[in-house]
Amino acid sequence: MKRSVKPPRVWQRMLSGRRLDLAHPSPMDVEIEDIAHGLARVARWNGQTRGEHAFSVAEHSVLVEQIVRKLEPGLPPEAWLTALLHDSPEYVIGDMISPFKALLGESYKDIEARLQEAIHIRFGLKPLTTAKLKKTIKKADHICAWFEAVQLAGFSEAESDGFFGHPPEGMKFRLKPLPAPDAQRLFLKRFEDIQAVIAAEAA
């Protein structure tokens, strides 16, 4: 007699109690508190950074959103929110380093894209980011990565220039990795501030 084989579990239980299905993520199962909690505990550079605390994806996301506003001052607040949430799927799937993403190929990208779309819908954003905004966010991401690489991950400026390009003249940041609870609060505060601007403009 053959035993029935259970299908593998493809959902993760969040602290909010939500069960997020990775195969078919629903916007209804996305909560900003879960995102902030997760991203504050996901380390950039697989944790291979200087200091007592890891530099979290939550801190990275806040800085990338700040850089996007510096690069394109006229963007609407919805674009700010899109930038803040640009790495939000990592609250579920972690921050895989670029070499590993390259090895995984399209399967990883498909899962990431489905999660990103569900997150966007949950917070009233367009499911897909426009090519123009995506390009600006990617540029900001590279600028942020340059500072992370030089200040925290042990890269020389020349190495970082080769991987990410040199930051624009006059753009300087001093990075200070925060304890996870502080990073979580920082991310949530920026999310709430942007939401308040969006609500004020819609009123």
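Guide: Let's start with a term: a nonpolar core is a set of buried Ala, Val, Leu, Ile, Met, Phe, Trp, Tyr and Cys residues joined through side-chain atoms within 4.5 Å. Buried means under 20% relative accessible area, exposed means over 50%, and partly exposed is in between (1.4 Å probe, protein chains only). Bear in mind that this is a predicted model, where local features need pLDDT of at least 70 and side-chain atom pairs count only at pLDDT 80 or more, while totals for chains, interfaces and linings use all residues. Residues are numbered from 1 along each chain as its sequence is written, and side-chain values use heavy atoms, with hydrogens and water left out.

Now for the core itself. The largest one has 30 residues, and I32, I35, L81, L85, Y91, F123 and F187 are those with the most contacts inside it. Helices here are DSSP runs (H or I, at least four residues), numbered from the N terminus. Those giving two or more residues to this core are helix 1 (32-39), helix 2 (57-71), helix 3 (77-84), helix 4 (90-93), helix 6 (106-122) and helix 9 (180-202). Helix 9 supplies the largest share, 6 residues.

Zoom in on I32. Skipping neighbours within four places in sequence, I32 is in contact (heavy atoms within 4.5 Å) with L85, F123, F187, L188 and F191. There's also a second, separate core of 19 residues, with I67, L133, C144 and W146 among them.
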